[in-house]
There are 2 protein chains.
Amino acid sequence: MQSVNFQQLTPLRFLERSAEVFGDKLAVVCGERRYSYHEFADEVTRIARALKASGIEPGDRVAYLCPNIAEMLVAHFAVPLAGGVLVAINTRLSADEVSYICDHSGSRILVVDHELLATAADADTVDELFAIGGDGQHRSYEELRGRGSLEPLPWEVEDERATITINYTSGTTGRPKGVMYSHRGAYLNSLGEIIHSEHSSSSVYLWTLPMFHCNGWCTTWGVTAVGGTHVCLRAVRPDAVWSLIDEHRVTHVNGAPAVMMSIARAPEAHRLDRGLTVTTAGAAPSPTMIAEMEELGARVIHVYGLTEVYGPYSVCEWQPEWPGLEPAERARKLSRQGVGMITADRMRVVDVDMNDVPADGTTMGEIVMRGNDVMTGYFRDDAATEQAFAGGWFHSGDLGVMHPDGYVELLDRAKDIVISGGENISTVEVEQALLSHPAVTDVAVIGVPDDRWGERPKAFVVTGPEGEVGESELIDHVRSMIAHYKAPDTIEFVSALPRTSTGKVQKYELRAHELEARAASPG
Amino acid sequence: MQSVNFQQLTPLRFLERSAEVFGDKLAVVCGERRYSYHEFADEVTRIARALKASGIEPGDRVAYLCPNIAEMLVAHFAVPLAGGVLVAINTRLSADEVSYICDHSGSRILVVDHELLATAADADTVDELFAIGGDGQHRSYEELRGRGSLEPLPWEVEDERATITINYTSGTTGRPKGVMYSHRGAYLNSLGEIIHSEHSSSSVYLWTLPMFHCNGWCTTWGVTAVGGTHVCLRAVRPDAVWSLIDEHRVTHVNGAPAVMMSIARAPEAHRLDRGLTVTTAGAAPSPTMIAEMEELGARVIHVYGLTEVYGPYSVCEWQPEWPGLEPAERARKLSRQGVGMITADRMRVVDVDMNDVPADGTTMGEIVMRGNDVMTGYFRDDAATEQAFAGGWFHSGDLGVMHPDGYVELLDRAKDIVISGGENISTVEVEQALLSHPAVTDVAVIGVPDDRWGERPKAFVVTGPEGEVGESELIDHVRSMIAHYKAPDTIEFVSALPRTSTGKVQKYELRAHELEARAASPG
């Protein structure tokens with residue numbers, strides 16, 4: 001497990017080291033709370049001890065349903081320090097989805113922020129639920145914490161390939177799947193993030209990106225590794241964001257372009273002469289977004305990935321000649337998804353026989369990835385894992401092209417995912433919710449451009465003889481079934497959907513129709 | 001060996017990636033020669049193929065005796081790509097030592113630069129010797145190269161714990177020992193160097209540090225990993241150094257403080273407003289050195305290690321309050337050897353029973369290290385390996401103290417402590433006091449026999465153009481800075497100090513000189 005010249009790779013070592021090296025340095029800001037690295041490590045030890053005292057055994061799952069608060073960050077180290085596996089649940093899911101994830105993951109403990117207790121109401125498979133800042137109706141986080149102690153635990157893992165977290169994806173079909181990360185993968189991906197986002201001990205990182213998204217693209221561990229300062233954030237309100245940027249002299253933020261744009265366009269936005277590194281993913285940064293960010297003094301780093309690859313797998317590496325390009329041309333180069341990160345293997349674009357497509361920038365193929373930055377598999381779903389790993393590469397389901405310079409550009413999500421404010425929305429899931437209404441006979445959902453969210457789902461609906469249904473009634477129906485943000489904003493009633501000869505809906509025709517309609521309207 | 005979610009860690013991947021990502025970017029400058037990353041990778045493939053065509057089988061050793069030229073850099077990838085193990089030999093060794101290393105390592109091929117053919121004259125155990133720019137008396141490097149081809153080889157290794165290089169240490173007693181590095185260790189240490197020296201694709205790295213020294217502290221691989229530019233250098237002449245710094249807009253150099261000082265004090269030295277990152281090791285940077293570097297616009301990063309730990313193992317991490325300290329106080333903090341790097345385990349200071357000494361900054365103990373940054377062992381020397389790894393930690397043989405802030409300070413090699421009247425006197429401390437005098441440019445302190453005190457410190461001093469200083473004036477200067485008993489009783493002014501190839505003062509030569517002088521004199 002640990003010998004003179006071999007140490008199992010684990011992010012636990014990062015916090016151990018920063019507590020040793022940067023003990024008195026500011027590690028975490030959360031509202032009025034402040035933790036030095038000594039205090040951060042102590043709190044992690046205390047919660048890890050509390051989990052063990054609560055019966056958590058090696059490999060047991062512990063679920064958290066929290067916004068970006070200190071407790072969520074602590075969990076990223078405390079759960080693995082206790083030998084457990086962290087399941088950080090998307091806070092925007094419905095009660096039914098949260099319940100499913102707790103059940104499927106076999107989580108024994110669930111820690112819930114008071115704002116999300118209603119969402120956790122159906123999670124009845126866990127042994128114990130603890131509420132942070134709760135209403136007195138549940139066991140309190142303080143009770144859990146009180147079971148802990150500062151008795152040290154080794155910041156080590158017996159096998160670097162063991163699971164550290166499970167992140168549930170909003171899959172395209174059926175129920176969400178549990179993506180397993182290993183200690184080794186998390187360690188290496190963290191180092192990759194540090195190098196590509198140029199983190200150092202001077203980093204002050206503002207948590208605009210949800211920690212439940214791929215463990216904050218491994219930044220929960222990476223920023224800790226360099227001894228930077230985490231600035232927590234309950235909700236991404238631009239006024240709060242700017243106030244924290246100024247107060248703490250923030251150097252780095254991560255997030256989807258839509259989120260970054262809402263920040264850049266806030267009334268409080270102002271130029272930061274000391275600079276700001278913005279690492280963005282989830283959609284290609286538009287030329288407008290890049291230009292507006294650069295006007296604020298920020299530098300944009302574009303990365304790309306999925307939950308299955310620890311968040312970012314690729315980075316659009318700057319080339320020496322790019323700074324001299326016209327802004328529009330530079331933005332076009334930078335809008336591509338790029339190349340595998342320093343710790344990743346190549347990123348390929350392949351045809352159905354797994355041959356590389358020509359690097360001509362036009363031939364479409366599927367983006368596939370491989371190596372230490374790929375999940376170990378889907379939890380308790382060997383069939384899905386086998387399918388995703390067919391041919392020895394992870395299949396992203398994303399379609400793209402390979403440019404002559406070796407940079408991959410994403411063209412479309414093969415699985416018809418709508419990315420709204422950085423959140424994946426499965427069109428299939430929305431379609432199924434719509435179809436469950438008795439008046440609906442056929443349906444197709446596509447993503448349409450949205451200034452604020454990047455994309456929003458729009459539904460095309462065919463109604464049957466069962467009767468009439470209005471747009472708002474149908475939207476309410478969807479909201480009663482799945483997370484509110486997944487419900488379409490607009491519904492267009494049509495007499496029939498365009499279909500291929502084999503019966504598949506031709507979504508590209510709906511997209512073309514939508515673009516035409518938008519071009520024709522002044523709105 | 002390679003699966004969808006597991007890739008063996010190897011520096012070979014770094015060059016494969018940079019050739020894919022930065023194909024047309026300038027990778028190597030060597031005299032008039034220029035290689036893009038495509039050309040660099042092609043040359044590596046060609047030489048790897050040539051080695052295979054010459055009979056190199058997996059695990060076979062290939063020795064190189066070269067200054068910092070492109071062929072030496074190519075060898076760091078070509079030899080492992082061929083499945084071999086690189087033995088990069090110190091160019092300042094004698095013919096007898098080179099012969100011993102070739103024999104002991106079982107090297108089958110030896111590649112020698114024309115300047116060093118005489119040194120290679122006794123290496124008669126190798127199958128073939130190739131001369132770079134030779135005299136026609138030996139097979140030429142071109143002949144070797146001609147056996148190669150551009151037929152691709154996989155940039156992979158079957159086992160990340162396999163040996164990539166063997167570096168022979170200039171041991172203080174007996175024959176040099178062969179320190180084995182693994183692909184995994186080299187990979188992780190390279191990432192550590194990138195993070196701590198803040199390398200990026202904008203890095204332009206000048207090769208003032210010999211590549212034969214711990215494979216250039218793994219920078220051969222690290223600078224390649226980020227897609228930086230290597231600027232080769234046959235010999236560290238300050239005029240050539242400054243000319244290359246200006247011509248190529250060098251961003252990073254590594255080297256011992258004495259080498260850095262000779263560069264800083266050259267007539268050509270001038271301020272670099274764009275900055276320069278100087279990573280230094282081999283001796284503590286003196287306050288004077290740090291101040292003079294900062295005046296040039298350079299930032300000093302102090303690292304510490306040995307051949308057995310891939311070069312640097314620790315780094316003197318800057319703390320947030322250091323920039324605000326008085327220069328002398330800041331330099332004192334920065335002169336310490338610090339803490340384990342981000343990819344390393346802790347660095348401990350222990351007593352003979354392997355207990356940590358108190359963190360009081362005064363109790364001396366041995367510095368020990370552990371983890372992925374420690375060699376896999378000494379080649380064909382299990383007894384020495386076992387001894388070095390006693391108690392599950394690598395024993396550096398260096399003496400130091402642990403400060404209350406967790407930073408280790410090296411006091412001296414065990415043999416370099418002067419014990420005077422039962423008091424330990426650190427020669428480093430006396431040397432730094434001497435160096436703070438403006439007239440002093442180089443210094444070494446040793447212990448000499450003394451009837452009353454057992455030992456007393458004696459200083460050998462080199463003065464610069466700044467002017468003369470007398471023995472008593474210099475002793476008074478030291479006494480004004482540190483305890484009187486630590487000040488040397490005698491000072492000998494010399495024109496230069498004997499140094500090893502890595503810039504370390506050869507104190508044993510000074511001791512021998514002293515003993516001779518004493519034997520010859522009746523005093």
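**Overall build, chain contact and helix packing**

Chain A holds 16 helices and 28 strands, where helices (H or I, at least four residues) and strands (E, at least two) are DSSP runs numbered from the N terminus. The radius of gyration of chain A, taken over C-alpha atoms, is 23 Å, close to the 24 Å that the globule rule gives for 523 residues, so chain A is as compact as a globular protein of that length. The globule rule is 2.2 Å times the number of residues to the power 0.38. Along the principal axes, the C-alpha atoms of chain A fill a box of roughly 70 × 60 × 50 Å.

The model is predicted, with local features needing pLDDT of at least 70 and side-chain atom pairs counting only at pLDDT 80 or more, while totals for chains, interfaces and linings use all residues. Residues are numbered from 1 along each chain as its sequence is written, and chains are lettered from A and ligands numbered from 1 in the order in which they are written.

Chain A is divided into domain 1 (2–235), domain 2 (347–413) and domain 3 (417–520), with bounds that come from an automatic or database domain assignment. Between domain 2 and domain 3 of chain A, the C-alpha centres lie 27 Å apart.

The two chains meet through 34 residues of chain A and 35 residues of chain B, two residues being in contact if their C-beta atoms, placed from the backbone, lie within 7 Å. On the side of chain A that touches chain B, at least two residues each are supplied by strand E2 (6–7), helix H1 (12–21), helix H6 (183–196) and strand E18 (339–340). This side of chain A has 16 nonpolar, 10 polar and eight charged residues; Ala, Val, Leu, Ile, Met, Phe, Trp, Tyr, Cys and Pro count as nonpolar, Asp, Glu, Lys and Arg as charged, and the others, Gly among them, as polar.

Helix packing can be followed within each chain. In chain A, helix H2 (residues 37–53) and helix H3 (residues 70–81) pack at an angle of about 45 degrees, with their axes 8 Å apart. Axes are lines fitted to C-alpha atoms, for helices over the stretch in contact, and angles run from 0 to 180 degrees between N-to-C directions. H2(A) and H3(A) are therefore oblique to each other: angles under 35 degrees count as roughly parallel, over 145 as roughly antiparallel, 65 to 115 as roughly perpendicular and the rest as oblique. A:Glu43, A:Val44, A:Thr45, A:Ile47, A:Ala48 and A:Leu51 of H2(A) make the contact with A:Val74, A:Phe77, A:Ala78, A:Val79 and A:Leu81 of H3(A). By class, these residues divide into nine nonpolar, one polar and one charged.

In chain B, helix H11 (residues 287–295) and helix H12 (residues 327–334) pack at about 115 degrees, their axes 9 Å apart. That angle makes H11(B) roughly perpendicular to H12(B). From H11(B), B:Pro287, B:Ile290 and B:Ala291 meet B:Pro327, B:Ala328, B:Ala331, B:Arg332 and B:Leu334 in H12(B). The contact of H11(B) with H12(B) has seven nonpolar, no polar and one charged residues.
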